[in-house]
Amino acid sequence: MEDYELFIGGEFVKTADQEYFPAINPYTSKAWANIPQASDAQVADAIAAARQTFEGAWSKVSGAERARLMHRLADLLQENGDRMGLLESTDNGKVIRETRSQMNFAARQYRFFAGYADKLWGKVIPLDQPQIFDYATREPIGVAVLITAWNSPMGLLSNKLAPALAAGNCVVIKPSEHASATTLEFARFVEQAGFPPGVVNVVTGDARVGKALLTSGRIDRVSFTGSPGVGREIAANAGRALVPSTMELGGKSPNIIFEDADVDKAIIGALAGIFAATGQTCIAGSRLLVQRGVYDRVSEELVRRAQQIKMGDPTDKATEMGTAANEPQFNRILGSIKGAVDEGAELAVGGKRAEGADLENGFFVEPTIFTGVSNDMTIAQEEVFGPVLSILPFDTEEEAIAIGNDTKYGLASGIWTTDLNRAMRVSKSIMAGTVWVNTYRSVAVQAPFGGFKDSGFGRERGEYALDEFTNTKNVMIDFSDEERDPFAIKA
C-alpha cells in the first residue's frame, strides 16, 4: 500500500488531516494504494500556483526551451513505460499489452507537440488602409483545468497536456478517482524533467474536487473527457463562469459492414472495435451494422470468436480482455445487458459475469453479443461502455446511413467496403467526428479527434488541438502622420 500525495507548486504535499480513499485493483477487488482527497483549499492552492507561474517564470520560457522539457518528459515516460503500464493495468484492469503501448503513444504526443512549441506563428494581415500595419498572434490562454477519465489515464492526459504545454500554458490536472495512480506517478516525471514549479499541478479526489476547480480561482479553459452527463454539468458550470471548454464525451458508434467488404478483415475489425479495452472506450464500435447478404456469416463467426477470447490477469501479456475498471461500472454493464434481454434483444453469447478459477475475484463480464436488435432499443441507443455488441441488419446503403446517424452521439464510425465510391459517399454522409474505412480504433497523434452532437465539441490531437489552448490577439499599428477626426470610425 502506497500513500500518494498531491502535486502542487512543484512539490508533493499533504496536510496533517489529509483524507485518503483506496485505489481498488479490479482484478483482485483489493485495495492496493491510498489516493489523497484534495480539499477546497488545496485545489485553490493548485490554481494559484499555476496562475503565479503562468504570469511569472513560465511566460519567460522560450518555445525552444518548452520543447526541450517536453522531450525530456517523453523520455522519462518511455523509460518507465513497463512500470507505468503495470500500474495502469493494476488500477483500471486494462490489459498490459494495451496500457504499455499507450505509454509509447503518450510519449509520441509530447514529442509531436514539442515540435510546435517554437512554431506558433502568427500572420501579417493586409488591410484596406495602407497606413496601418496589422498582425495576429497566437498566445497561450493561461491556466487550463484538465479532467481525465479512468479508462486510459495516460493516453487521455497526453491528448490535453501536450498541446497545453506546447502553447505555453500552466495546468491543473484532475484524474478520475477510479484511476489516479499513474497521473500522480507522472507528476514525478514532470519534476525530474525540470519544469518550473507550478506549470503542472495534480489534485485528486471525487466530484467535490471537480466542482472546486471551477470555483476556487480564475481559470481560462476546461478540457474534460468523460460521460455526457458529467460533461453537461461541467460545461454548464464553466459557461456560468464564462470559461471556454472542450468536451470529449461518449459514443454509440456504428461499424458498418457492406456485402462487398473483405469480410474476414471486417470481422477482426469488429472484434477489436468492441472487445479491445473491454469495450470501455468512447470510440467502441458497439453497433455493428451488417448488410443482409453477409449477416449470418458475420454474426456466426463473431459469436464463435467471442467465445475464444482469453480473459484473466490484466498484467499477463497472454490476456486478451481484462476487467470492468471498477465495481460501479461492472454493475452498470450487467444492468444494461439485463435491460436488453427484457426489451427482447436476442442474446447470442455471453451476458453474465465471467466464471473461472482465475476470474472469481475480478469484475469480469463475458464478451456479449446481441442479435435481433432494432435501433430504437435502449441497447442500441445508450452507451454501455463495456464488452457488449449489438448486431443490426440492413439492406441498402441509404438504410445503413440512416441507422448509423439515428443516435444522439457522433463520435466515431467504421465503414467496411472495397468500393471506393461507396466509401467516399458514406464517409461524407455519416455524422461523426472520425470515420474509419477498412480499419477501426486506429489512432495517430497527427489526426484530430473529437465528436459531434452529444459526443462533445472541440478537438484533441493534431494541429487542431492547439486551437483549444491558444487565444488569437490582433495588433494594429498606424504609422501615418495625418490627423484624423476623433469622432470618425477609422475604417
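Colleague: How much accessible surface does the protein chain have, and what share of it belongs to carbon and sulfur atoms?

Modeller: The accessible surface is about 20300 Å², and carbon and sulfur atoms hold 52% of it. Such areas come from the Shrake-Rupley method with a 1.4 Å probe, and for residues only the protein chains shown count as cover. Keep in mind that this is a predicted model, where local features need pLDDT of at least 70, side-chain atom pairs count only at pLDDT 80 or more, and totals for chains, interfaces and linings use all residues. Residues are numbered from 1 along each chain as its sequence is written, and side-chain values use heavy atoms, with hydrogens and water left out.

Colleague: How many helices and strands are there in the protein chain?

Modeller: The chain has 15 helices and 23 strands.

Colleague: Nice! Now, why does Glu-248 count as buried?

Modeller: Buried means under 20% relative accessible area, exposed over 50%, and partly exposed in between (1.4 Å probe, protein chains only). Glu-248 has 3% relative accessibility, so Glu-248 is buried. Glu-248 lies in strand S12, residues 245-248. The unreviewed UniProt entry annotates Glu-248 as "active site"; such positions are given in the numbering used here, feature names are shortened, and annotations may be inferred rather than shown by experiment.

Colleague: What makes Gln-329 buried?

Modeller: Its relative accessible area is 4%, so Gln-329 counts as buried. Gln-329 sits in helix H11, residues 327-343. Leaving out residues up to four places away in sequence, Gln-329 is in contact (heavy atoms within 4.5 Å) with Trp-150, Gln-280, Val-384 and Phe-385.

Colleague: And why is Thr-323 called buried?

Modeller: Thr-323 has a relative accessible area of 0%, so Thr-323 is buried too. Thr-323 lies in the loop between helix H10 (292-306) and H11. Beyond four places in sequence, the residues that Thr-323 touches include Gln-280 and Phe-364. Thr-323 and Phe-364 are 41 residues apart along the chain, and their C-alpha atoms are separated by 4.6 Å.

How values were computed:
Helix = DSSP H or I, 4+ residues; strand = E, 2+ residues; numbered from the N terminus.
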